[in-house]
Amino acid sequence: LALRDLHEGRPHDVPARLDPVLAGVEAGALQRAHAFRTRAAALDQLGRTRAAFAGFAASAEIFRRTYAGACAGPQPMAGLDLCQSLVGQYAAAGPELWRPAPGAARSPAAGHVFLLGFPRSGTTLLEQVLAGHPQITALEERPILAPAIDAYLDPPVGVAALAQMDEDAAEARRAAYWERAATFGAQPEGKVFVDKQPFYSLWLPLIGKLFPEAKIIVARRDPRDVVFSCFRNPFRMTPVTYELMDLERGAALYLGAMQALELFLAKARNPVFLYRHEDLVNRFDETLDGLCDFLGLRSEERRVG
């Protein structure tokens with residue numbers, strides 16, 4: 001009922017519905033976390049920003065306590081530690097890390113695109129807009145690359161094995177990628193296939209090694225909006241998303257992801273389009289025309305209907 005009030009423009013009614021939940025003992029930890037978050041969203045709409053922030057912080061703290069055993073600490077490296085370790089290894093690596101693996105990156109798709117950036121940076125909106133084009137098929141946040149990431153970039157492996165990937169290994173990983181895409185429902189044949197995953201920013205050397213001809217769309221948004229939006233809108237908890245429930249660690253994770261991205265932009269060969277979420281909001285047609293040009297598509301087709 002509180003969520004209905006919030007969505008239907010009655011934020012004044014939300015605290016009265018949720019205060020008894022937060023004052024009682026019947027609600028479980030995650031129910032309390034969601035109650036704090038919904039109440040805080042209503043207070044934010046009412047302009048009570050200090051109280052709203054306190055509510056978001058209380059919700060985030062419950063998530064951190066609840067998932068600490070599963071997500072915090074070295075496993076052997078959790079989210080921020082892993083991110084910073086990878087960035088350090090990327091920065092110290094020689095040119096062999098950024099060189100494409102031998103062999104041809106054969107694809108059933110007419111075009112191959114990775115859409116990435118950071119959670120809450122506008123990737124979902126852009127993926128939905130692009131998917132409206134008749135020549136584009138998109139797959140939203142499915143772990144297609146997960147086996148290759150686990151093999152090459154999860155500790156303690158590091159980047160040395162990735163840098164030395166041979167043709168047989170590359171061919172096997174490429175074939176496995178397209179097989180997994182099909183199991184998740186992708187039908188890329190004859191279309192431009194968009195693989196959207198915000199955290200791909202951390203794994204870009206792997207993408208460049210396996211798919212040097214793939215195009216990269218990088219979604220960017222004001223970092224303050226990104227980090228705070230992650231803080232107030234919790235995700236399914238993993239060692240990486242767990243970091244977003246702390247503002248300082250979330251900001252450090254964002255910084256690491258952007259550092260990894262900058263290293264890739266300086267050294268890799270993939271075509272890259274830097275897209276700003278604010279541009280799509282404020283100059284929709286102009287921004288989409290530029291993206292369609294980058295993808296080699298006619299922008300008029302996405303306006304049909």
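**Aromatic contacts in a predicted model**

Student: In this predicted model, why is Trp178 called buried?

Tutor: Trp178 has a relative accessible area of 11%. Buried means under 20%, so Trp178 is buried.

Student: What makes the pair of Tyr177 and Trp178 edge-to-face?

Tutor: The angle between the planes of Tyr177 and Trp178 is 90°, and planes over 60 degrees apart count as edge-to-face. The two rings lie 5.0 Å centre to centre, and the cut-off for a pair is within 6.5 Å. Tyr177 has 1% relative accessibility and therefore counts as buried. Tyr177 and Trp178 also belong to a cluster linked by ring pairs, together with Phe114, Phe193, Tyr200 and Phe211.

Student: How many aromatic pairs does the rule give?

Tutor: The count comes to 15 aromatic pairs. One of them joins Phe118 and Tyr254, with ring centres 5.1 Å apart and planes at 75°, so this pair is edge-to-face.

Student: Why is the pair of Phe118 and Tyr254 said to tie together parts that are apart in sequence?

Tutor: Phe118 lies in the loop between strand S1 (111-116) and helix H6 (123-131), whereas Tyr254 lies in helix H12 (residues 247-267), so the pair ties together parts 136 residues apart in sequence. Phe118 counts as buried at 1% relative accessibility, and Tyr254 counts as buried at 12%.

Student: How do you know that the charged end of Lys215 sits over the ring of Phe294?

Tutor: The charged end of Lys215 is 5.3 Å from the centre of the Phe294 ring, and the distance cut-off is within 6 Å. The definition also requires a position within 35 degrees of the ring normal; the contact is classed as a charge sitting over the ring.

Conventions. Residues are numbered from 1 along each chain as its sequence is written. This is a predicted model: local features need pLDDT of at least 70, side-chain atom pairs count only at pLDDT 80 or more; totals for chains, interfaces and linings use all residues. Side-chain values use heavy atoms; hydrogens and water are left out. Rings of Phe, Tyr and Trp (its six-membered ring) pair if their centres lie within 6.5 Å; planes under 30 degrees apart count as stacked, over 60 as edge-to-face and the rest as tilted. Helices (H or I, at least four residues) and strands (E, at least two) are DSSP runs, numbered from the N terminus. Buried means under 20% relative accessible area, exposed over 50%, partly exposed in between (1.4 Å probe, protein chains only).
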